[in-house]
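Visitor: Hello! Could you walk me through this model and tell me how its descriptions are reached?

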Amino acid sequence: MQLTPAIALHMGCALAATALGPVVLWSRLGRRLRPGLHRWAGRVWVVLMAVTALSALFIRDFRLPNIAGYTPIHLLVPYTLGGLVLAFVYLYRRQIDGHRKTMQGLYVGACLTAGAFTLLPGRLLGQWLWGALGLL
């Protein structure tokens, strides 16, 4: 796979969301709440995640088991978009616990778990990393 504009956009937003996620999550922990930071960083994180999910629709892989180029990892697109909508529904209803759990689940599932899979040999990011370390 080569670095196309869609892959560059997807990877850039995914990496930024993965880096920003702890700021959003931790700004609400502890004795000192930082609602301004949480809201600002949270809004940026939501946009990054939405762009990451939507840009994935333009990335197709015909080498792996697929349907029209869409592989099982593309199931994260509706998971991510649905989770973002659900998190805002929880906020609207003032169900903060549901909002928190949904956002934490999105971060772990869509950022950390999916990110770990991108580091597998044979994936673009995995090839770059393991190749740079001389392990491939």
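Guide: Happy to; we will go through the helices, their packing and then the pockets.

Guide: Please keep in mind that this is a predicted model. The protein chain has five helices and zero strands, and its C-alpha atoms fill a box of roughly 45 × 35 × 20 Å along the principal axes.

Visitor: What pattern does the protein chain follow along the sequence?

Guide: Reading along the sequence gives α-α-α-α-α.

Visitor: Why are α1 and α2 called roughly antiparallel to each other?

Guide: α1 and α2 pack at an angle of about 150 degrees, with their axes 8 Å apart. Angles over 145 degrees count as roughly antiparallel, and therefore α1 and α2 get that description. The crossing of α1 and α2 is left-handed.

Visitor: Which residues make the contact of α1 with α2?

Guide: On the α1 side they include Leu9, His10, Ala14 and Val24, and on the α2 side they include His38, Trp45 and Met49. By class, the contact of α1 with α2 has 17 nonpolar, six polar and no charged residues.

Visitor: How do you know how α2 and α3 run relative to each other?

Guide: For α2 and α3 the packing angle is about 150 degrees, and the axes are 8 Å apart. With the cut-off for roughly antiparallel being over 145 degrees, α2 and α3 are therefore roughly antiparallel to each other. α2 passes α3 in a left-handed crossing.

Visitor: What makes up the contact between α2 and α3?

Guide: From α2 come Trp45, Val46, Met49, Ala50, Ala53, Leu54 and Ala56, and from α3 come Val77, Thr80, Leu81, Leu84 and Phe88. The contact of α2 with α3 divides into 11 nonpolar, one polar and no charged residues. Thr counts as polar, so Thr80 of α3 is the polar one.

Visitor: Which residues of α2 and α4 meet?

Guide: Trp45, Val46 and Met49 of α2 meet Met103, Leu106, Tyr107, Ala110 and Cys111 of α4. By class, that contact has eight nonpolar, no polar and no charged residues.

Visitor: What makes up the lining of the largest pocket?

Guide: The largest pocket, with a volume of about 750 Å³, is lined by 33 residues, and His10, Ala14, Ile73, Thr118 and Arg123 lie nearest its centre. The lining divides into 20 nonpolar, nine polar and four charged residues. Each of α1, α2, α3, α4 and α5 supplies at least two residues, and α1 gives the most, with seven.

Visitor: And which residues lie nearest the centre of the second largest pocket?

Guide: Those are Val24, Arg28, His38, Leu91 and His99, out of a lining of 21 residues. The elements giving two or more residues to that lining are α1, α2, α3 and α4. The largest share, seven residues, comes from α2. The second largest pocket has a volume of about 590 Å³, and its lining has 12 nonpolar, five polar and four charged residues.

Notes
Residues numbered from 1 in each chain as written. Predicted model: local features only at pLDDT ≥ 70, side-chain atom pairs only at ≥ 80, totals over all residues. Heavy atoms only, no water. 1 Å grid on protein atoms, 1.4 Å probe; cavity = no way out; pocket = protein on both sides within 12 Å on 5 of 7 lines; lining within 4 Å. Points joined across faces, edges and corners; volume = space filled by probe spheres on them. Helix = DSSP H or I, 4+ residues; strand = E, 2+ residues; numbered from the N terminus. Axes fitted to C-alpha atoms, helices over the stretch in contact; angles between N-to-C directions. Parallel < 35°, antiparallel > 145°, perpendicular 65-115°, else oblique. Left-handed = near helix turned anticlockwise from the far one by under 90°. Contact = heavy atoms within 4.5 Å.
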